[in-house]
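Me: I would like to learn how to read pockets and salt bridges in a protein model. Where do we begin?

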Amino acid sequence: MAKQLKKWQGWLLFGGVMVIVFVLGLLCSSLLERRAEVVSVFNNKRTMFTDSIVSQNEKFAQDYPREYQTWAMTEDTTFQSRYNGSSDKDVLAMNPYIVINWAGYAFSREYNTPRGHRHCIEDLQKILRTGNPGIDGADDMQPGTCWTCKGPDVPRLMREKGLNAYYGAKWSDWGAEVMNSVGCSDCHDARTMDLRPARPALYEAWARAGKDVNKAGHQEMRSLVCAQCHTEYYFEKENHQYLKFPQDKGLTCEAAEEYYDSLGFYDYVHPLSHAKILKAQHPGYEMFKQGIHGQRGLSCADCHMPYKQEGGVKFTDHHIMSPLANIDRTCQTCHRQDAETLRENVYERQKKVYDLAMRMEAELGKAHLYAEFAWKHGATEAEMQKALMDIRKSQWRWDYALASHGAAFHAPQEVMRLLADAMEFAKDAQLECTRVVAGHGWTKVIPLPDVSTKEKAQRYIGLDPVKMKQQKQQFVDTVVPKWIEQARKNKRFITKPM
């Protein structure tokens, strides 16, 4: 009996050893396979570019297949969250008062939520804001500066033509030149693949503040390559439409306002209220720096370009999009709550911001309309001075708070503060206009026009939506193909642009 038991124990021991050996074999095989993958990646002979700027993104595909393939996925527009997503949505239709707020400026024609980087050139060509150069009776309303953030052809053009010539040209002058959408050479030096912003405005702004972009650390550079475009900017009207960042006095909304006020700068005069308006662009970097994630040292790439693992290779996911699409690789790398809880946390913050923003946009629109009514009833420049300044301050804070798109999560407390201040200035402007018209004999409630839809609002400010769309379609059908054909002859792209 004891002998049989010992025999059984021996077989058990033998089986256990075999299992351990088998598992160790699998482990060693996996390690060797992962090591081979890493070696194949880092020892693979790379294309040695001699130029820091390589406009055609496809030239990077063979050496960086994972990065290129994920970058190409920015074409996908299927992701949707409760607020926005990867597809374009008509913001003006959501709240027609925004049309009133931007009356006299191209944004009143069309304003959509952004799509992925691969769509940026197509979207700029198709949007009503850029006009219809080349169409009889149409305007060439935008400067060449408007192409600046749309792709690696831009730093190439800046170098070839010179900054003043590039900025000072008409938008249509570069239509056949800018064909490759935002990609590799916008953020990387093609010779070394080191992170490197490609646009001079960032370097110039930092230099004026006594800082050197080239001395920024790697983690900070993972935000600065974004900050060269996702930032507040303006065009120097009397200097070839030169692109500048108003960061000399700081990165806050009020600091930029102080800078603009010191110059007496305004983007346009509002045709209804006559206020001198500052148009915020997209101060994403500035608003990010006001929020808790920016203050704790995270970079844009940490959340919008999280790391990805394929076998033994770890790489940066270049499918730049909402972190909500990859919560396991974004939020949950730091936060231990489940994905649904984290998602609802984001939505809760966004809802509070957007609910207030909708009310704010309406009150600002009413302030413009009240001012228009006051002018029509005999108001003088002196009487309207305070109201116009209140409108300018209100619109700047509202626009700055929301123009970066992601600020409702990046810095919700800062956004709510700015919207609250904007609401106060808008209400003050309404009261001031009411006081002015009362002095001219109008003691009833100031009547408001029907601007309850986007079309009604656009027609009220003198736009013809049907004509605008017809002309734009004619432009897209006739002028854009000529640009593409010219670019093809000049070998500006490898595959046909989107």
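Reply: With a definition. On a 1 Å grid over the protein atoms alone, a pocket is an open set of points with protein on both sides within 12 Å along at least five of seven lines, and its lining residues have an atom within 4 Å of a point. Helices (H or I, at least four residues) are DSSP runs, numbered from the N terminus. In this structure, α15 gives the most to the lining of the second largest pocket, with 6 residues. This is a predicted model: local features need pLDDT of at least 70, side-chain atom pairs count only at pLDDT 80 or more, and totals for chains, interfaces and linings use all residues. Residues are numbered from 1 along each chain as its sequence is written, and side-chain values use heavy atoms, with hydrogens and water left out.

Me: What is the volume of the second largest pocket, and which residues are the closest to its centre?

Reply: A volume is the space filled by probe spheres set on the grid points, which are joined across faces, edges and corners. Here it is about 510 Å³ for the second largest pocket. Of the 25 residues lining that pocket, N84, V91, M94, Y354 and E361 are the closest to its centre.

Me: How do the residues of the lining divide into nonpolar, polar and charged?

Reply: Ala, Val, Leu, Ile, Met, Phe, Trp, Tyr, Cys and Pro count as nonpolar, Asp, Glu, Lys and Arg as charged, and the others, Gly among them, as polar. The lining of the second largest pocket has 15 nonpolar, 4 polar and 6 charged residues.

Me: How many salt bridges does the structure hold?

Reply: A salt bridge is a side-chain nitrogen of Lys or Arg within 4 Å of a carboxyl oxygen of Asp or Glu. The structure holds 38 of them. One joins R397 to E257, with the closest N and O atoms 2.7 Å apart. This pair links distant parts of the chain, 140 residues apart: R397 is in helix α16 and E257 in helix α11 (residues 253-263).

Me: Is R397 buried or exposed?

Reply: Buried means under 20% relative accessible area, exposed over 50%, and partly exposed in between (1.4 Å probe, protein chains only). R397 has a relative accessible area of 5%, so it is buried. E257 also counts as buried, at 5% relative accessibility.

Me: Where do E348 and K352 lie?

Reply: Both are in helix α15, 4 residues apart, about one turn of the helix. E348 counts as partly exposed because its relative accessibility is 41%.

Definitions and conventions:
On a 1 Å grid over the protein atoms alone, a cavity is a set of points where a 1.4 Å probe fits but cannot get out, and a pocket is an open set with protein on both sides within 12 Å along at least five of seven lines; lining residues have an atom within 4 Å of a point. Helices (H or I, at least four residues) and strands (E, at least two) are DSSP runs, numbered from the N terminus.
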